[in-house]
Amino acid sequence: MKRLFYFCIGKSRKIHSTNSSSIISTTIKQLLNSECLQLVFQFLPVNDRALYSCLFVNKFWSKNVIFILWSHPFRNNFSSYYYRYLLNNANNLYNLNNANNLDNLSNSNNLDYSNNSNISNNLDNANNLDNILAENYESHYNHYHQHKHNNFYSRNEHYDEKYYEKYYEKLLLIYLSCIEKGEKQKLKNILKEIKIQIKIPKNSLTYHYTTYIREISLRELEFSVYTLLKTHYRNNNNNDDEFYIEGKLQIEFLTKTLFQLFLRQSTNLQTLIIDKYFEFTDIPGVMVFSQPGCLSRIENFEINFHPTPNFLQLLKTLPTICTNIKNLCVRFPKISKFPKLETDITIFNSLINIIKSQNNLREFHLIGVESMDVISKILLSLKSQSKSLRTLEFNSVNLTGVNFKFLNQCLNLKSLQFWNYQGMLISNAKSFINVNYRLRDLRLWSTQKSPNASATIIKNLGKTLKNLWIDILSPEIIHSIINYCPILTEIKILDYLPKKLPLLLKLFREIKIEKLTISRETSVELGVINFSGKNLPSGLKYLKLDCGISVEQLETLLLSEFDNNNNNNNNNNNNNNNNNNNNNNNNNNNNNNNNNNCLKELRTLILNYFKIEIGHLSVITKFVNLTKNLKVFGVGGKSKYSPREMNELETLQKDYGIYVIPFNEVDNW
């Protein structure tokens, strides 16, 4: 897909150099239709500058990339600097639609709009709403890079509060211009009560931004509203110490107004997260959610429980207005926060009704339930989704006495995840005997280690497993993996301790996997990788070290085997000179040494360690130079890299053709 993207860019440049610029958009249309082009754009990371640059190619590309850039406006991921470009340079793009020839923009390599006479700080006198957002492109680009040596390696660090305030203000101004006149007047009146004046733009937008939204989080929306109102309150009152008390009504009203707008106009909405940022506010009333067709298109629904009146009413109503959920996540607070919560039968009956009312539930995530009776009832309700359920996750739950035999009816179950669980005993694990489903993915992690129960689960489910995450190495677990997981291709060790090296080496000798991840539960300065590359499983294609590793340990891991091969080659050459009769044997030994290189097939290497140094990167460069096989490299854990380190990464990228994973995406690989 990425090659296809660059092919299109190259093709368009070629056409532009031989024909008139007005032919470009038509030619690209014929080359790729909208569906194909959108697939290409979705392949590109949203925080990549290339995706933002696609807005300026022509109208056809602009229309196909804009919905991606505006699909998750409230997602709390500010490492994606395209928001800054998009919001501060909306004038650069949207005024172009009124130009005689949009495609002429592709001739310009310098997008400097600092002298644009249309930009005005006065919202009432602005000729175009997008002018409100226009600022100098280069100044923001340079501001971004004052903390970043290279825009390719972006991280979500060094963002100050003023930037957040500016970001939310511009974002919400766009959406506020879409609300109806009556709502605008109500908003102005209610804001005057606390001496806040927001000049809502009167001009129409070039694009219908609300229709592009695919995900709404009430928590993030509430926080953005709070940030906007707090900023204006501080400007008018010189401080914001009392805003928490005086601004409750205004926060609730504006949040409800925008949320209702999104539900009404966001035709592409797929994900809805019901959560709260403040304890003193309530979610919008049921009537907001009950608008015709609003929730019928929701496929991903997350409920973060809060015992407020509107929330409880919403739980009762959801089974009748939202029946097409495919991914349902239910998160409960700690029982110490609401001690009577798990004794409220009405709440859990509503949850059970939500589960049963779905037409095709594929994923279910249960977080924070400690009552065995409640968990058992919820699990029984999942029988109604036995034909469609594929992923089941238990997080921070008490599994004491829970029987999992009901899962035998879930014939399509592929992934089973247990995170931070308690009470898992061998008796629980034995309920997985003689299962009918073909599980592919199993994840086991808990602060309260239970190796015997984990080993029993792996033994019972290992026959079809391909992906296994384990929290501890023990003789029982190693025995289960070796003897009962014949087609395993990926292992992630979530908490590796150096004293467990004999068990790890035994595992490596007996299995053949393609992907290996080694992690530590806590960040440690000392390196924990105490083995060499020759100990790794043969055929390894992916290696991620999410733990401490010193330069010497990395050198031993990646280069020791090559040093040994070189020594063997030298010895063999000497033996050849002295013993001509042993030439064939020595040549065979040389071939065996080359064939036994456990890292010869390694394609992806990731180091996620907060004490990465230039020495680590030098070892990587030497390894790449020796093997010529590594294609992808990622480094994370640090918030700032030196110029020498950045230059080393650029060398890997430019001289060796290595794809260097952006810093903020390392955790997702």
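**Terms set against values**

Guide: Asn 434 sits in the loop between helix 18 (426-429) and strand 8 (441-445), where helices (H or I, at least four residues) and strands (E, at least two) are DSSP runs, numbered from the N terminus. The model is predicted, so that local features need pLDDT of at least 70 and side-chain atom pairs count only at pLDDT 80 or more, while totals for chains, interfaces and linings use all residues. Residues are numbered from 1 along each chain as its sequence is written, and side-chain values use heavy atoms, with hydrogens and water left out.

Visitor: What makes Asn 434 count as exposed?

Guide: Its relative accessibility is 66%, and the rule calls a residue buried under 20% relative accessible area, exposed over 50%, and partly exposed in between (1.4 Å probe, protein chains only); Asn 434 therefore counts as exposed. Phi of Asn 434 is near 55°, a positive value in a residue other than glycine.

Visitor: What makes strand 14 mostly covered?

Guide: Five of the five residues of strand 14 (residues 632-636) are buried, with Val 632, Gly 634 and Gly 636 on one side and Phe 633 and Val 635 on the other.

Visitor: How do you know which strands pair with strand 14?

Guide: Two strands pair if DSSP finds at least two bridges between them. Strand 13 (residues 604-608) runs parallel to strand 14 and is joined to it by five bridges, and strand 15 (residues 659-660), also parallel, is joined to strand 14 by two, so both meet the rule. Gly 634 is the bridge partner of Ile 606, while Tyr 659 in strand 15 is the partner of Val 632.

Visitor: Which hand does the unit of strand 14, helix 25 and strand 15 have?

Guide: Strand 14, helix 25 (residues 643-655) and strand 15 make a right-handed β-α-β unit, a word used if, with the strands pointing away from the viewer, the path from the first strand over the helix to the second runs clockwise.

Visitor: How many cavities of 30 Å³ or more are there?

Guide: The count comes to one, and about 30 Å³ of space lies in the largest cavity. Rolling a probe the size of a water molecule over the atoms shows where empty space is left. A cavity here is a set of points, on a 1 Å grid over the protein atoms alone, where a 1.4 Å probe fits but cannot get out, and lining residues have an atom within 4 Å of a point. Grid points are joined across faces, edges and corners, and the volume is the space filled by probe spheres set on the points. Among the lining residues are Ile 303, Phe 305 and Leu 315.

Definitions and conventions:
1 Å grid on protein atoms, 1.4 Å probe; cavity = no way out; pocket = protein on both sides within 12 Å on 5 of 7 lines; lining within 4 Å.
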